[in-house]
Amino acid sequence: MTWKNTADRWGPVSQLLHWLIVLLVLMLAIVGLTLDELPKTPKYFWVYTMHKSVGITVLALVLVRIAWRLYAGTPKPVAGTPSWQLRVASLTHFLLYALLLAMPLSGWLYDSASGLRPFRWFGLVLMPKLSAPNQGLSELSHDAHELLFWVLVALVAVHAAAAFYHHLFQNDATLTRMLPGQRSRDS
């Protein structure tokens with residue numbers, strides 16, 4: 001068994017990084033959407049710190065995923081896929097990576113510009129501030145963080161819909177080659 005991607009499927013490292021990032025982003029979304037409803041108790045600040053720690057983890061994992069993709073390559077396109085779909089898929093993947101980098105960076109900038117106390121990643125590593133306290137930058141980065149989230153939601157919906165379209169209507173291996181333990185139906 002190879003850890004790298006093959007010509008017809010994503011390898012186990014790519015699959016692990018993909019699904020781990022999906023899971024963490026889903027957790028971040030749930031917490032982010034409910035954070036404002038929590039009372040400002042010590043538990044709130046613990047949840048907020050965990051949100052920031054997981055966000056920084058996603059940033060690191062996306063960087064690892066990009067490096068692994070450059071090292072391990074990508075599977076060949078599924079046979080018969082029209083060139084316009086390949087271009088849309090490439091653009092979508094590029095935008096997903098860009099958003100998955102921009103989201104945690106905008107959150108980190110928001111935290112920095114807000115002038116909040118120093119933040120330690122999972123209580124272990126002191127994270128440097130990206131800026132001095134700045135109310136305008138704090139508001140801008142907070143708004144960007146929210147806007148980027150909704151753009152990410154829309155793009156993930158398109159990405160997932162395309163995978164299911166290929167699986168259900170095209171009956172090809174687009175989806176299954178990213179699923180662990182699956183064998184491609186068709187390369």
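Contact, on this tour, means heavy atoms within 4.5 Å. The model is predicted, so local features need pLDDT of at least 70 and side-chain atom pairs count only at pLDDT 80 or more, while totals for chains, interfaces and linings use all residues. Residues are numbered from 1 along each chain as its sequence is written, and side-chain values use heavy atoms, with hydrogens and water left out.

**Stop 1: Leu100.** Select Leu100 and show its neighbours. Leaving aside residues up to four places away in sequence, Leu100 touches Ile21, Val25, Val58, Val62 and Leu152.

**Stop 2: the largest core.** Ile21, Val25, Val58, Val62, Leu100 and Leu152 touch the most other members of the largest nonpolar core, which has 21 residues. Helices H1 (12–34), H2 (42–72), H3 (83–113) and H4 (135–170) each supply at least two residues of this core. A nonpolar core here is a set of buried Ala, Val, Leu, Ile, Met, Phe, Trp, Tyr and Cys residues joined through side-chain atoms within 4.5 Å; buried means under 20% relative accessible area, exposed over 50%, and partly exposed in between (1.4 Å probe, protein chains only). Helices (H or I, at least four residues) and strands (E, at least two) are DSSP runs, numbered from the N terminus.

Next, select Leu59, Trp108, Phe119 and Met127: they are among the five residues of a second, separate core.

**Stop 3: H1 against H4.** Colour these two helices. Their axes come within 12 Å and cross at roughly 135°, which makes H1 oblique to H4. Axes are lines fitted to C-alpha atoms, for helices over the stretch in contact, with angles from 0 to 180 degrees between N-to-C directions. Angles under 35 degrees count as roughly parallel, over 145 as roughly antiparallel, 65 to 115 as roughly perpendicular and the rest as oblique.

Show side chains: His18, Val25, Ala29 and Leu33 in H1 meet Phe149, Trp150, Leu152 and His159 in H4.

**Stop 4: H3 against H4.** The axes of H3 and H4 lie 8 Å apart, and the helices pack at an angle of about 150°. That makes H3 roughly antiparallel to H4.

**Stop 5: the whole chain.** Zoom out to see four helices and two strands, in the pattern α-α-α-β-β-α along the sequence. The C-alpha atoms fill a box of roughly 55 × 30 × 25 Å, taken along the principal axes. Of the 187 residues, 35% count as buried.
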